Amino acid sequence: MLSLVSNFLFTVLTHRLLLVDQGDHTALLCEPFPDTTWALPFDFPLRDQFDRSTQYNIPSLFLMPSFEKELTKLFPEKETVFHHLGRYLVHPSNEVWGLITRYYETYLVKSDERIGIQIRDFSNTGLPFQSSKELASIETILMDRILDCSVQENLLPKVITNTQNSSALNATRNTKAKSVLVTSLSSWYFEKLRNTYRDNPTITGESITVFQTSHEESQQSYDAQHNMKALAEIYLLSLMDELITSPWSTFGYVAQGLGGLRPWILSNPLGELDSDPPCRRATSMEPCFHYPPSYDFLFTLSKISRSQPNNHPRGLAVSRDFQVIAGKVDPLLEPDSHAHTSDKPKDKLLGGLLSPGFNEASCLSRYGSILYRKLSPHKPSPYLISKLRNYESLHKQCGTNTESYNATPNHLHRPRHDISDNDTCKYVVLLFFGHSGVGNRILSLVSSFLYAVLTNRLLLIDQGDDVAALLCEPFPEITWALPLDFPLRNQFERLDSNHPHCYGNMMKNKTVELSMDDSPPPFVFLNLVHDYNEHDKRFFCDRDQNIMKGVPWLLIRSNQYFIPSLFLMPLFEKELSKLFPEKETVFHHLGRYLVHPSNQVWGLITRYYETYLAESDERIGIQIRDFSSTGLPFQSSKELPFTYMMDRILDCSAQENLLPKVITNAQNSVLNATRNTKPKSVLVTSLSSWYFEKLRNMYPDNPAITGESITVFQPSHEESQQSNSAQHDMKALAEIYLLSLMDELITSPWSTFGYVAQGLGGLRPWILSNPPREMDSDSPCRRATSMEPCFHYPPSYGCGAKTGIDTGAKEYVRHCEDMSWGIKLF
């Protein structure tokens with residue numbers, strides 16, 4: 001672009017005609033001149049002798065007396081040369097213009113202010129715009145430069161990194177929305193900047209969205225598609241209100257020139273990176289001539305200046321003839337709160353499901369979720385509400401630090417427990433399975449709570465997992481956390497199916513009937529993890545429940561949603577039908593009663609929702625999970641590439657009218673047709689970024705056949721599940737909750753992550769198919785007929801005859817859509 005504009009001006013000054021070697025110009029630019037082409041014919045005789053020009057040499061033309069007078073008449077404002085000529089010559093082709101307009105209208109148009117950050121890797125400069133192995137920590141240093149420059153120049157606000165200690169979290173929100181467009185060959189800077197504003201509230205309360213159109217990893221000079229994306233990004237940068245650019249970068253020069261912008265140029269120190277300011281404001285919007293001739297010209301002329309120190313030390317640029325005072329943005333000290341709430345229902349108790357009287361500041365999500373979620377059409381039964389209030393009373397009576405609980409050590413150290421009329425307090429302790437993800441833990445939590453309610457027991461949660469970092473306390477006044485000095489804690493890791501106090505092991509050794517009717521042991525361990533044995537599964541038999549009812553402490557370890565099997569037990573069936581007249585609402589009600597994200601997780605949820613999703617008319621969630629044991633390529637193997645499942649997702653989206661198809665040949669599309677202004681947002685959750693990038697690139701790169709604006713987002717991509725990482729689990733819970741706020745949901749088969757999201761949101765998702773044979777042998781997805789989770793590994797025998805039965809043959813307990821041997825409620 002720079003050499004094109006330079007050569008055009010030279011032809012004007014010398015009364016010549018400009019012809020351009022065709023290359024990929026026709027794919028990038030429209031013809032600028034009426035009636036005739038500027039393309040040099042392919043049969044031009046000297047084509048095999050061509051050399052190239054890559055410089056913006058206009059500053060040196062101003063130093064030539066033969067051109068000086070004419071140039072002064074042409075450009076009274078000297079710094080506008082490229083601004084005027086670039087806008088005259090550079091008209092993106094229809095295909096490139098489609099990329100530009102779709103991306104702008106989809107991601108940027110609604111922002112109050114738009115900031116462009118252009119980052120370029122120059123391996124020969126010694127500058128770490130992209131890290132090398134030798135300069136591995138430099139990426140972070142340069143990221144600090146970008147952030148320091150943004151804050152120093154009031155382009156972007158600081159963030160509050162310790163949200164727990166922020167005193168202003170409940171203040172009125174500053175509704176000003178800023179978008180940041182990052183262009184770089186690498187995605188590293190985009191992800192760091194996006195995560196900074198996603199994970200932390202801003203000190204001004206502003207909503208900051210961060211986008212990157214592409215990251216090609218390396219420059220591909222002769223690739224037409226690569227160059228089309230590059231031109232689109234340059235043009236998008238030129239549409240920003242403010243611009244931060246890399247030194248020496250012609251990419252940035254063209255953007256600032258087209259946009260008439262004086263950017264902040266990131267510093268180019270000759271010594272240490274922290275030896276000078278992070279950036280300097282350009283005094284001209286003109287590009288720099290990097291390698292001017294070094295013979296004796298009068299460099300003291302006012303219209304020419306040496307390039308700024310942080311740009312190019314040998315370069316020349318046309319200076320400006322007037323001064324600009326940079327505007328300042330007054331920071332409004334109004335931190336994070338809730339937006340878009342005027343049209344939301346205000347039933348913060350969820351139809352009586354929640355108890356009033358909690359300190360709202362201690363758990364913002366408890367009463368705040370209604371501001372983000374549609375009103376549920378499913379009302380809790382009066383009987384369920386009454387039972388929950390009764391349970392809360394029991395929790396106050398029997399909870400930690402009560403007289404009953406404080407007698408625990410005496411009970412647990414006796415070989416047998418004497419039953420008395422005073423034993424009104426009995427307990428269930430939930431021990432999470434060690435390698436379980438957040439989804440499995442929430443399912444086992446809800447299951448254990450319902451079991452505690454049915455058996456008039458108190459639920460306590462082992463604190464060994466990061467429950468306190470994830471969830472608020474659900475019960476008034478008294479904690480659900482098992483104290484750290486609980487006498488049996490040192491045995492938790494040894495509790496398995498072979499433990500002497502494991503109920504299944506006791507059944508196997510025939511010690512149950514002989515000892516538990518009148519004088520039960522002080523505690524029994526119940527092994528309900530996925531690989532439990534036939535003796536452990538006796539938990540789901542009425543007779544065995546009657547045997548266990550006298551045991552004061554039941555310790556459960558589970559990673560399953562075992563509620564469907566409770567409905568198959570005559571002992572509980574009548575009570576459950578009274579609690580849940582709508583059988584498919586069990587998790588929906590109990591999940592919303594128990595699962596209140598902690599303030600820190602809630603901050604992740606609300607900031608992301610308000611920043612990226614709140615303005616859409618419709619929100620689609622796509623949850624993709626890798627299960628290597630299924631043979632399905634949710635994450636690619638060499639034999640089963642990513643593209644199979646991507647095709648499934650796209651086919652499902654189109655078949656169910658969730659997302660529109662795209663016109664892949666943009667040149668043949670009706671570009672001037674009336675645009676459908678209905679915006680849809682797509683939230684992708686996956687450990688991999690591959691699906692997100694493919695889906696995101698598909699819609700900006702091609703127009704939707706319906707004309708809809710489709711935005712695609714992914715909060716994080718951790719690459720692998722990290723079972724013992726609190727930060728990983730906090731992000732996972734935030735993404736589950738965000739999925740539950742969607743209008744429609746596509747989920748992976750077998751995924752507990754998706755089960756929790758659909759249950760909290762009251763959604764019946766489209767489940768991606770899990771065919772036993774070829775992936776193209778059936779429909780790409782099936783609509784779930786119930787929003788309930790699936791119990792993956794139910795018992796498969798009859799309690800009386802101990803013979804195999806079909807546990808999914810009851811009217812409201814049937815086999816799952818995504819797992820033929822699993823069962824769920826309908």
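Me: How many bridges join E16 to strand E17?
Reply: In this predicted model, strand E17 covers residues 766–768 and runs parallel to E16. The number of bridges joining E16 to E17 is two.

Me: Which residue in E16 stands opposite Ile620?
Reply: E13 and E16 run parallel. They are joined by three bridges. The residue in E16 that stands opposite Ile620 is Glu744.

Me: In what sense do strand E14 and E15 pair, parallel or antiparallel?
Reply: Strand E14 spans residues 679–685 and pairs with E15 over five bridges. Leu683 stands opposite Phe713 in E15. The sense of the E14 and E15 pairing is parallel.

Me: Which are the edge strands of the sheet?
Reply: Six strands form an open sheet with mixed pairing, in the order E15-E14-E13-E16-E17-E18. An edge strand here pairs on one side only. The edge strands are E15 (709–713) and E18 (781–783).

Me: By what angle are neighbouring strands of this sheet turned against each other on average?
Reply: The sheet in question is the open one of six strands, E15-E14-E13-E16-E17-E18. The average ignores strand direction. Its value is 20°.

Me: At about what angle to E16 does helix H27 run?
Reply: Helix H27 is made of residues 752–761. It lies across strand E13 (618–623), E14 and strand E16 (744–747). The angle between H27 and E16 is about 165°.

Me: What distance does helix H6 reach from its first C-alpha to its last?
Reply: Helix H6 runs over residues 94–108, which is 15 residues. At 1.5 Å a residue, 21 Å is expected, and the model comes close to that. The distance reached by H6 is 20 Å.

Me: Which residues of H6 are buried?
Reply: The cut-off for buried is under 20% relative accessible area. An α-helix has 3.6 residues a turn, so residues three or four places apart point the same way. The buried residues of H6 are Val96, Gly98, Leu99, Ile100, Arg102, Tyr103, Tyr104, Thr106, Tyr107 and Leu108.

Me: Which helices each supply at least two residues of the lining of the largest cavity?
Reply: The count is 12 cavities of 30 Å³ or more, and the largest cavity has a volume of about 180 Å³. Its lining holds 20 residues, of which Leu350, Ser369, Ile370, Arg373 and Arg592 lie nearest its centre. The helices that each supply at least two lining residues are H11 (364–368) and H22 (586–594).

Key
Residues numbered from 1 in each chain as written. Predicted model: local features only at pLDDT ≥ 70, side-chain atom pairs only at ≥ 80, totals over all residues. Heavy atoms only, no water. Helix = DSSP H or I, 4+ residues; strand = E, 2+ residues; numbered from the N terminus. Expected span 1.5 Å × (residues − 1). Buried < 20%, exposed > 50% of the residue type's maximum accessible area, 1.4 Å probe, protein only. Pairing = 2+ DSSP bridges. Axes fitted to C-alpha atoms, helices over the stretch in contact; angles between N-to-C directions. Contact = heavy atoms within 4.5 Å. 1 Å grid on protein atoms, 1.4 Å probe; cavity = no way out; pocket = protein on both sides within 12 Å on 5 of 7 lines; lining within 4 Å. Points joined across faces, edges and corners; volume = space filled by probe spheres on them.
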